[in-house]
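Let's walk through this model together, starting with the overall fold and then stopping at a few side chains. Keep the structure open beside you as you read.

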Amino acid sequence: DWFQKTYYGSRLSSILLSYIFHTTLPPLVANYATHLTVIYIAVFSLYYILRSHTNRASALLTALSMCGYAWFASAVGWDTTDGAGIAFQLLSFAFLTSASCLHRPSRWICASGAAAAAMVHAHLFLVFFCPVFLIYYLQLVNKNVSHSLFSRLKYFFTHFGLGAILLTLAFGFVNMSVGGKFLFFMPSIKFG
């Protein structure tokens with residue numbers, strides 16, 4: 001109710017993550033838990049992605065180096081949504097990486113869509129990075145030439161879109177349950 005007309009109250013993926021910790025832990029511990037969760041999601045996702053494409057040592061060195069990278073540390077260290085956006089983006093790539101290893105990857109692509117939606121709901125500007133998920137997916141499934149490009153695109157958009165829609169619907173219902181509007185993201189769109 002406090003932030004219904006402002007865009008920063010519509011960043012539910014970041015707000016709900018923090019809310020979970022702040023309702024169960026003391027304030028200072030909750031703040032640390034929120035930041036560490038964002039860091040761990042980002043670092044372990046990056047490690048998994050790189051481990052799937054390179055070797056264990058390269059993946060570990062790169063993931064640990066990201067922790068010391070000043071701009072990453074700044075993004076995850078402040079109480080802003082930038083760090084959550086980075087974490088959700090890497091999580092989406094990690095889910096797509098898992099999808100590439102399976103014969104029926106629909107659940108992982110759906111999870112990737114949900115993580116991408118969480119990324120966009122954390123910071124609307126990040127919607128401009130969404131085409132990269134499609135490019136990454138097409139690169140991963142390019143090995144399987146038995147399916148046409150059209151069928152691969154249809155499969156991706158169906159499952160990725162389903163994950164994004166389901167998460168957005170869930171956030172809409174959560175927002176309504178606390179007295180907000182179902183279209184919680186409209187202030188961000190209007191501001192953008």
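Followed along the sequence, the chain shows the pattern α-α-α-α-α-α-α-α-α. That amounts to 9 helices and 0 strands. Please keep in mind that this is a predicted model.

Now for the chain as a whole. It has 192 residues, and 39% of them count as buried. Its exposed surface comes to about 11500 Å², with carbon and sulfur atoms supplying 71% of that area. If you take the contacts between residues at least 6 apart in sequence, 62% of them join residues at least 24 apart.

The structure holds 10 aromatic pairs. Another pair, Phe125 with Phe129, is edge-to-face, at 6.2 Å centre to centre and 85 degrees between the planes. Phe129 has a relative accessible area of 35%, which means that this residue is partly exposed.

Which residues do ring pairs link into a cluster? They are Phe93, Phe133, Tyr136, Tyr137, Phe156, Phe157 and Phe160.

Next, let's turn to a threonine. Thr34 belongs to helix H2 (residues 27-53). Is Thr34 buried or exposed? Its relative accessible area is 11%, and because buried means under 20%, Thr34 is buried. The side chain of Thr34 reaches the backbone oxygen of Ala30 at a distance of 2.8 Å. Setting aside neighbours within four places in sequence, Thr34 is in contact with Leu17, Ser18, Phe21 and His22.

Finally, a word on cysteines. The structure holds 0 disulfides. Cys101 has a relative accessible area of 58%, and because that is over 50%, Cys101 counts as exposed. Cys130 has a relative accessibility of 21%, so Cys130 counts as partly exposed.

Conventions: Residues are numbered from 1 along each chain as its sequence is written. This is a predicted model: local features need pLDDT of at least 70, side-chain atom pairs count only at pLDDT 80 or more; totals for chains, interfaces and linings use all residues. Side-chain values use heavy atoms; hydrogens and water are left out. A disulfide is a pair of cysteine sulfur atoms within 2.5 Å. Buried means under 20% relative accessible area, exposed over 50%, partly exposed in between (1.4 Å probe, protein chains only). Rings of Phe, Tyr and Trp (its six-membered ring) pair if their centres lie within 6.5 Å; planes under 30 degrees apart count as stacked, over 60 as edge-to-face and the rest as tilted. Helices (H or I, at least four residues) and strands (E, at least two) are DSSP runs, numbered from the N terminus. A polar contact is a pair of N or O atoms within 3.5 Å; within protein, one must be able to donate a hydrogen and the other to accept it, and residues adjacent in sequence count only if both atoms are side-chain atoms. Contact means heavy atoms within 4.5 Å. Accessible areas come from the Shrake-Rupley method with a 1.4 Å probe; for residues, only the protein chains shown count as cover.
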